[in-house]
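Q: Hi! I'm new to this one. Could you walk me through it?
A: Happy to. Let's have a look together.

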Amino acid sequence: MREVAIVAFGQSDHVRDSAETSEVEMLMPVLHDVLAQTGLAARDIGFTCSGSSDYLAGRAFSFTMALDGVGAWPPISESHVEMDGAWALYEAWVKLLTGEAETALVYAYGKSSPGDVREVLTRQLDPYYVAPLWPDSVALAALQAQALIDAELTDERELAGIAARSRADAETNPHAQLRGAVPAGEHLVAPLRTSDCPPIGDGAAAVVLAAGDTARRLTDRPAWIRGLDHRIEAHSLGVRDLTDSPSTRLAAERAGAFERPVDTAELHAPFTSQEVVLRRALKLDAPDCTVRINPSGGALAAHPVMAAGLIRLGEAAARIQSGASGRALAHATSGPCLQQNLVAVLEGE
Amino acid sequence: MSKEPVAVIGIGQTRHVAARRDVSLAGLVREAARRALDDAQLTWADIDAVVIGKAPDFFEGLMMPELYLADALGAVGKPMLRVHTAGSVGGSTALVAANLVAARVHRTVLTLAFEKQSESNAMWGLSLPVPFQQPLLAGAGGFFAPHIRAYMRRTGAPDTIGSLVAYKDRRNALKNPYAHLHEKDLTLEKVQASPMLWDPIRYSETCPSSDGACAMILTDRTGAARAPHPAAWVHGGAMRSEPTLFAGKDFVSPQAGKDCAADVYRQAGITDPRRQIDAVEMYVPFSWYEPMWLENLGFAEEGEGWKLTESGVTELDGALPVNPSGGVLSTNPIGASGMIRFAEAALQVRGQAGDHQVDGARRALGHAYGGGSQFFAMWLVGADTPAG
């Protein structure tokens with residue numbers, strides 16, 4: 001299989017409300033950042049792919065304006081997934097594997113501030129039986145958290161510990177929205193407290209992918225994608241065991257995550273309880289496990305919907321590129337209660 | 001590095017109608033997928049991954065429908081991708097699926113595109129007000145009409161050309177059991193006398209709003225060898241995009257469309273598209289886009305496209321049949337429309353297009369576009385396994 005690497009990663013500062021900037025304005029500096037890191041211009045890129053959601057923007061074809069910002073002239077080879085940017089990266093990775101492109105620009109963005117994101121996300125649910133009841137994303141995550149507590153797989157104290165660790169780690173992440181000591185807060189939807197939930201925010205991220213020797217030319221330290229896979233589960237919460245994530249486990253297996261230990265894991269767990277599920281699925285829970293989980297602070301420190309998964313891949317790649325990690329796992333999720341999951345394994349040379 | 005050749009071995013469509021009140025969204029997509037599996041004589045277990053596409057989520061009021069549709073499409077435990085590239089999405093979706101096979105990431109992939117427009121109102125789904133931006137002028141017709149007028153001015157085409165296209169496509173649709181519009185008593189005079197909607201576009205020169213889905217099974221060389229029916233082989237496929245609005249944009253013949261076609265022809269070894277391609281399924285939502293795209297896709301010199309249409313070359317029995325299925329003018333479940341073009345092109349080279357079969361079709365082009373004529377997706381399929 002052709003070698004493909006992440007050679008550059010950039011992200012915006014994530015903020016609660018970016019009313020002063022449009023999506024394109026939010027994205028442009030990030031695009032310029034990753035292109036500058038590689039010395040490429042938009043016209044040099046072999047394939048471009050983005051991830052975003054019309055429902056966050058509140059209008060159809062919201063991604064078309066972002067494309068204008070990319071500067072698609074002369075015309076470019078380009079595509080878009082109505083998903084988290086991690087899946088845009090997957091599409092770009094496949095494109096590079098076919099040999100039809102040497103480089104790819106992948107970007108994602110999401111502004112949650114214009115609407116009520118908890119209500120907006122209810123529109124992802126079964127439109128006939130569930131969505132009309134408007135069960136919001138925090139309530140659904142709380143169901144999952146309660147299932148874990150009932151199964152004695154975690155308790156509120158452990159969840160608080162995850163929140164504290166994540167936000168302490170975010171102290172050194174200049175892009176994070178929430179940093180430093182954060183009080184556990186009141187129950188938002190029991191058993192989840194405010195600290196168990198992600199901040200609502202706006203942000204963007206971008207990466208550049210390159211194949212083989214092109215990657216080596218563009219950077220001294222490519223973060224090679226050794227495996228990449230994603231899997232989806234049934235939609236209805238009633239037919240799933242919410243304390244487990246078989247799709248994450250299968251994706252990790254297919255990506256080769258279990259072949260050798262990783263030292264870093266960037267997990268897209270917007271809720272503390274979901275980290276518990278993911279750690280179990282990814283076998284990161286052994287007592288002697290030394291894997292560094294979410295050194296960036298994770299989605300609890302910044303959660304721009306549609307970009308947060310791509311950021312996990314970017315943060316993992318950045319650890320490889322800086323030499324802080326030799327083999328890292330990155331994970332992205334989509335849908336209610338971890339319905340769909342993507343796992344990548346990244347390594348240095 | 002060599003790519004795996006990609007074969008289309010299963011095709012399924014729903015019967016397209018204004019409103020499928022008898023099925024849910026899940027029921028609709030499953031119907032098309034089931035038919036594609038039957039065509040390929042495969043079961044859900046044979047599918048390694050699912051790639052779906054549709055136009056904006058606002059059309060059904062459902063955000064990221066792949067989540068809800070995972071069960072209906074047998075995707076549980078599998079990879080599932082959701083593509084959205086505006087009106088070209090049906091084509092892009094098929095190309096993303098084809099790349100999974102070409103890259104040898106998966107062997108057999110189900111790809112499907114759909115729209116259930118009756119769940120809401122597509123015109124207003126396209127017309128949500130955005131502060132400080134030009135509205136889409138109440139649907140797509142208002143956006144495209146001035147560009148058609150520009151084409152007429154530029155080429156001196158007589159104002160009867162659009163009605164010829166509409167009359168041809170609607171007659172072709174009578175031979176296609178899956179087509180939405182079956183206007184048995186339509187005459188050219190009736191098309192020309194239909195109400196003017198967005199000058200110069202008349203009512204009978206516009207696409208309908210349809211409910212429908214289209215599915216294909218794509219596989220590798222081994223999968224094709226086992227298939228019960230002839231395969232259509234992908235000889236070339238490409239996507240191109242350009243910005244929506246800028247001073248240098250040619251709305252009549254966008255550069256992205258020209259570049260996309262050139263890329264596909266290069267891959268497929270096509271040097272004279274007019275003579276080497278036997279049938280074209282072209283995205284023509286408003287009748288005048290047939291002569292416009294004939295030029296954009298290299299079938300006619302600039303300014304000459306309307307002459308091909310006028311001379312009957314694009315009729316079902318002409319030298320270059322365009323939209324033998326009846327096209328988007330007869331069937332338009334928006335998100336699926338591009339994939340229907342791709343699938344109908346494949347049906348032609350498999351010799352399975354039924355009453356609208358083009359005799360001896362060996363190579364066919366499927367074409368889709370979207371946005372403000374800014375997104376293009378095309379593939380060229382052939383009856384022969386690609387060389388190399």
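**Where the chains meet**

A: Between chain A and chain B the count is 1 salt bridge. Keep in mind that this is a predicted model.

Q: Which residues form the salt bridge?
A: Glu100(A) pairs with Lys3(B), and their closest N and O atoms are 2.7 Å apart.

Q: And how many residue pairs are in polar contact across the interface?
A: There are 18 residue pairs in polar contact between chain A and chain B, both residues being at pLDDT 80 or more.

Q: Which elements of chain A supply the side that touches chain B?
A: α2 (54-57), α3 (63-70), β3 (78-81), α4 (85-97) and β8 (223-232) of chain A each give at least two residues. The largest share, 7 residues, is from α4(A).

Q: What classes of residue are on that side of chain A?
A: It has 27 nonpolar, 15 polar and 13 charged residues.

Q: How much area do the two chains bury?
A: About 4900 Å² between them, with 66% of it on carbon and sulfur atoms. Chain A brings 55 residues to the contact and chain B brings 55 residues.

Q: Switching topic: what's chain B made of?
A: Its secondary structure comes to 14 helices and 11 strands. The radius of gyration of chain B is 19 Å, close to the 21 Å from the globule rule for 388 residues, so chain B is as compact as a globular protein of that length.

Q: How much of chain B is buried?
A: Of its 388 residues, 67% count as buried.

Note on methods:
Residues numbered from 1 in each chain as written. Chains lettered and ligands numbered in written order. Predicted model: local features only at pLDDT ≥ 70, side-chain atom pairs only at ≥ 80, totals over all residues. Heavy atoms only, no water. Contact = heavy atoms within 4.5 Å. Buried area = accessible area lost by both parts, 1.4 Å probe. Salt bridge = Lys/Arg side-chain N within 4 Å of Asp/Glu carboxyl O. Polar contact = N/O pair within 3.5 Å; in protein donor to acceptor, adjacent residues only side chain to side chain. Helix = DSSP H or I, 4+ residues; strand = E, 2+ residues; numbered from the N terminus. Nonpolar A, V, L, I, M, F, W, Y, C, P; charged D, E, K, R; others polar. Rg over C-alpha atoms; globule rule 2.2 N^0.38 Å. Buried < 20%, exposed > 50% of the residue type's maximum accessible area, 1.4 Å probe, protein only.
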